[in-house]
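The sequence and coordinates are shown first, and the description follows.

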Protein chains: 2
Amino acid sequence: MHAKPTAEVVDAWISLLRTERTLIDKVEERLKRAGLPPLDWYHVLNEVDQAPKSMLRQAQVQERTQLAQYTVCRLVDRLERDGLMQRHPCQQDGRNNVLRITGKGRALRRSMWPIYAAAIDDHFGSRLTRAEAEQLAGLLAKLDGA
Amino acid sequence: MHAKPTAEVVDAWISLLRTERTLIDKVEERLKRAGLPPLDWYHVLNEVDQAPKSMLRQAQVQERTQLAQYTVCRLVDRLERDGLMQRHPCQQDGRNNVLRITGKGRALRRSMWPIYAAAIDDHFGSRLTRAEAEQLAGLLAKLDGA
DNA sequence: AGCTTATGTATGCAGTTGCATTTATTGCAT
DNA sequence: ATGCAATAAATGCAACTGCATACATAAGCT
């Protein structure tokens, strides 16, 4: 704890910040150009869509996306307002919301994926070999612990 | 162009988004706890401080940090309002602003570094070997091109 | 010179985020 | 059962961001 990072570490850190900002901007731009909502809409819709019975608690969306509590809350407000998602009271624990994606929400998610996938591939996937992608995922996994 | 990414690529991409969000949150939290301003203040102050004569054009800050044009503009507004930075008209090209960091700005940058450095090390550097850090930087560099 | 395009910066406005707090429900200890 | 800490979600308000556009200067063309 509280040791100083080496120069290599600082370089890698700065690269991480810079590169990710650039990549996200590029991907978001693709979605925007296609008239689609932002990345996080996709991620939230996707989490719920992939969950068993297409239902998931709000808190779990939060955990999986690493978005802030109020960010998820308000994003779900908007998704709900646009008829993409519904909030239901949870039977087992009245503190939770259970989210259910609507047909419209699922359709939107599906329509976003080709654009999103192409952007991932163009800006990210096509620049790495399979081994490199795995290597990167491995390194990132090491950074995920407590 | 427009090929579909493989599963490994999508995994790596999602890890990248998730991990970076988590890391940034942790680092920002450290700064906040220490009563210091956000990360991007540091990055902007640092770019200007490191530049020759501690002066840099606004557009170059933008390019180096990968922040949006108006983000830099308004961040500099705040830095200027707080007496950390000054805008000067550029002699060579009247469209440019030349930014100059003040003593107060330099002092703030210096006071932020130990906190920032410790956070980088704790959440990032100490989880990677030197070779891994270099490997990560190498992979990120491959993602940086056009 | 005058016109057109390009570049760097600023800004009004609507939408979003962050902070701190509130409300609601649950579980645990007494 | 009652009180108290813990967890999930929502919200008022101030700050920030994104978009589109405006403004200012510069560079190139005729």
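## The end of helix H1 in chain A

H1(A) is followed by Gly35(A), which has a positive phi, near 75°. Helices (H or I, at least four residues) and strands (E, at least two) are DSSP runs, numbered from the N terminus. The model is predicted: local features need pLDDT of at least 70 and side-chain atom pairs count only at pLDDT 80 or more, while totals for chains, interfaces and linings use all residues. Residues are numbered from 1 along each chain as its sequence is written, and chains are lettered from A and ligands numbered from 1 in the order in which they are written.

## Helix H1 and its packing

Helix H1 (residues 7-33) of chain A has 27 residues and reaches 39 Å from its first C-alpha to its last. This is close to the 39 Å expected at 1.5 Å a residue, the expected span being 1.5 Å times one less than the number of residues.

Buried residues of H1(A) include Trp13(A), Leu16(A), Glu20(A) and Leu23(A). A residue is buried if 20 or more other C-beta atoms lie within 10 Å of its own, exposed if 12 or fewer, and partly exposed in between, with C-beta atoms placed from the backbone. The buried residues of H1(A) pack against helix H2 (39-50) and helix H5 (103-123) of chain A, together with H1, H5 and H6 of chain B.

## The two chains

In all, 43 residues of chain B are in contact with 43 residues of chain A; contact requires C-beta atoms, placed from the backbone, within 7 Å. On the side of chain B that touches chain A, H1(B) gives the most, with 14 residues.

Chain B can be laid on chain A with an RMSD of 0.0 Å by a turn of 180° and a shift of 0.0 Å along the axis, which is the relation of a two-fold axis. Copies are superposed by least squares on the C-alpha atoms of residues with pLDDT of at least 70 in both. Of the residues of chain B, Leu136(B) comes closest to the rotation axis, at 3.4 Å (C-alpha). The copies meet through the same surface, because 100% of the interface residues of chain B are also interface residues in chain A.

## The surface near DNA strand D

DNA strand D is surrounded by 23 residues, and the closest are Gln58(A), Ala59(A), Tyr70(A), Arg95(A) and Gly94(B). A residue is near a molecule or strand if its C-beta atom, placed from the backbone, lies within 6 Å of it.

Notes
Contact = placed C-beta atoms within 7 Å.
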